[in-house]
Amino acid sequence: RLRWRDRLLLLLRLLLLAALVLAAAGPSLPLRGAGPHAPAALALVLDNSLSSGAVAGGTPRLDALRRAATQVLARATPGDALWLVTADGIPRRGTPGELRAIVDTLTPSPRRLDLGAAVQAAAQGTAAGEGRPRGVVVLSDLQATALSAATLAVPVLVAAPGDATVRNVGLDPLETGVQPWGVAGGRVTVRVTGDSGPAVPVRLQLGAGAPRQALVAPGAPASVSLPPARPGWYTLRAELDADELRADDVRLAAVRVTPVAAVTAREAGTWVDAALATLAAGGRVRLGSEVTVGALGPGASVVFPPADPARMGALDRALDQRGVTWRFGGVVESPAPTDSGAWVGRVAVARRHRLVPRGSGRTGVLATVGGEPWIVRSGDVVLVGSRLEPSWTAAPLEAGFVALVDALANRSVRGELAALAGAAGDAVPLPDLATEVRQGDARWTVEGGSAFVPPRPGVYWLLAGRDTIGALAAGSDPRESALAPADPAAVRRLWPGARVAPLDGIAAAAFTLSARADLRGALLWLALLLGAAELLVAAGGGARRA
């Protein structure tokens, strides 16, 4: 009996040593729910895009998402590597306390979050997890319009929103038409996006003028006339009645009001003469000497190649004396379409002169053909590479020809008007002449031709020195107004292998993505039990020997 007790004592001591050595090694098993989780590399995608501000059940959806994120972070251990991805799409690494501080201060952002891109960015961030099992947890209202395909390299857990769908309508960017507006007023096109339903009232106001109201149905644009205004720059405001998502109920745009150009035509051709006559009948131009169309005049001019090629040398010398930084080059008779842009769409060009810059710069390009300048501006002179006649270009035969002549006479030579639009948080290219961007007391020094990122919705004024040359109207992405969530089947189809769990249970499941359980605690308990058994056996054996 003593020999058997000695052997049992030896076995218990060997098992005790083995349990202690294994516990020090930090083993884990591919089992779920088997105790505390092993150290993991986990990225949280917390969608605080504009739609998260929608009120469901009396509270914004973002509150529930933040609460779930806090619960996940509360389960983290010092051995975990953690990242947080918000609406800007940038993975940020931090401790549980640091990330909780960010989560607590999050508010709905005007930026749109592409969930597919965010998941892939989060997965790439966890690659720095020093060999820990990796995973991504997505906390979002799962807007169907924000869901995109993603190739998953790590396990992904998606929280399914449990509240009912919130109905909502919002405003698309305002379309102010051809600018500048004349002093007689103008028209704006309003579109309402979101859930289909009855027409809703929209209030429009130009500056401090009298507001106008119109009924606009989702998906059916409405054109609204606005009253006359004095020359100058104005902020146009459109507003809906308040609903569950307030952030998309206001849209702003910038409008410039000027008297119509006083135009005279010289050697412009019969097609341009007819277009100017149509514009004069519609009140878009008037007779006068402010702008010369066709040839180089004493003031602002829109210059076409002369009908007689022998006069090209004299024209180039005159342009040089005026300080124009462009000249007419050789003739190109290779048919090609224009590159679609803000000034002109796709128009066939059969014959044109190359427009050659004097020096190395190419600023002032308004339209191109095959990537080469076709309409350019230098000071108050605009050069068009082709005569606006059917033998040169199909532009006179297009429906937008009168609008093109209108833009040349009213906009191009009187100072380029940059009426830009974009989403807050997205980069918007600026005109070449821009040197500064202003909004209220805030100012940003910029370089012409660079991109500017508006930090929040609103109207930003673009300056060249002291002159206002345009405006940027920044708003929310219209897709944020469609609040309908994607169903779990769509999530699994676009993200193969992803798990979908209820939002209220996401914290318990977050660290089981790698399906490994930490065995250190169990081994330490086993070592304690083995130690107690060893003491009992040793004490009993000693008493019997005595």
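Reply: Leu-8 sits in helix α1, which covers residues 2–25. Helices here are DSSP runs of H or I with at least four residues, strands are runs of E with at least two, and both are numbered from the N terminus. Leu-8 counts as partly exposed because its relative accessibility is 39%; buried would mean under 20% relative accessible area and exposed over 50%, with partly exposed in between (1.4 Å probe, protein chains only). Together with Leu-11 and Leu-15, Leu-8 makes a nonpolar surface patch of about 250 Å². Patch members need over 30% relative accessible area and no salt bridge; nonpolar side chains (Val, Leu, Ile, Met, Phe, Trp, Tyr) are joined within 5 Å, like charges within 9 Å. The areas are Shrake-Rupley values with a 1.4 Å probe, and for residues only the protein chains shown count as cover.

Some ground rules before moving on. This is a predicted model, so to speak of local features takes a pLDDT of at least 70 and side-chain atom pairs count only at 80 or more, while totals for chains, interfaces and linings use all residues. Residues are numbered from 1 along each chain as its sequence is written, and side-chain values use heavy atoms, with hydrogens and water left out.

On confidence, the mean pLDDT (the predictor's confidence in each residue, from 0 to 100) is 86, and 92% of the residues score at least 70. Over residues 31–35 the pLDDT is below 50, and that stretch has 8 contacts in the model beyond near neighbours in sequence; a contact means heavy atoms within 4.5 Å.

Now for something covered: helix α4 (residues 115–125) has 8 of its 11 residues buried. Among them are Leu-115, Val-119 and Gly-125. The cover over those buried residues includes β2 (41–46), β5 (81–85), β6 (91–94), β7 and β8.

The loop between β7 (134–139) and β8 (156–160) holds Leu-142. Most residues other than glycine have a negative phi, yet Leu-142 has a positive phi of about 55°. Leu-142 counts as buried because its relative accessibility is 3%. Glu-267, also not a glycine, has a positive phi of about 55° too, and lies in the loop between β17 and α5 (270–281).

Strand β17 itself (residues 261–265) contains Ala-262, which is buried at 5% relative accessibility. Leaving aside neighbours within four places in sequence, Ala-262 touches Arg-286, Leu-287, Gly-288, Ser-289, Glu-290 and Val-291. Take Leu-287: 25 residues from Ala-262 in sequence, but 5.0 Å away in space, C-alpha to C-alpha.

On to charges. Side chains of opposite charge can pair when their charged atoms come close. With a salt bridge defined as a side-chain nitrogen of Lys or Arg within 4 Å of a carboxyl oxygen of Asp or Glu, the count comes to 17. One of them joins Asp-406 and Arg-284, with the closest N and O atoms 2.9 Å apart. This pair links distant parts of the chain, 122 residues apart: Asp-406 is in helix α7 (residues 401–412), and Arg-284 is in the loop between α5 and β18 (285–287). Asp-406 is buried, with a relative accessible area of 5%.

Arg-246 pairs with Asp-249 at 3.2 Å between the closest N and O atoms. Here Arg-246 is partly exposed at 37% relative accessibility, whereas Asp-249 is buried at 0%. Arg-387 and Glu-389 form another salt bridge, at 3.3 Å from N to O. Shared partners also tie Arg-237, Glu-239, Arg-246 and Asp-249 into one salt-bridge network.

Zooming out, the protein has 10 helices and 36 strands. Its radius of gyration is 34 Å, well over the 24 Å that the globule rule gives for 546 residues, so the protein is more spread out than a compact globule. That radius is taken over C-alpha atoms, and the rule is 2.2 Å times the number of residues to the power 0.38. The C-alpha trace spans about 130 × 50 × 40 Å along its principal axes. Buried residues make up 46% of the 546. Of the contacts with a separation of 6 or more, 68% are between residues 24 or more positions apart.
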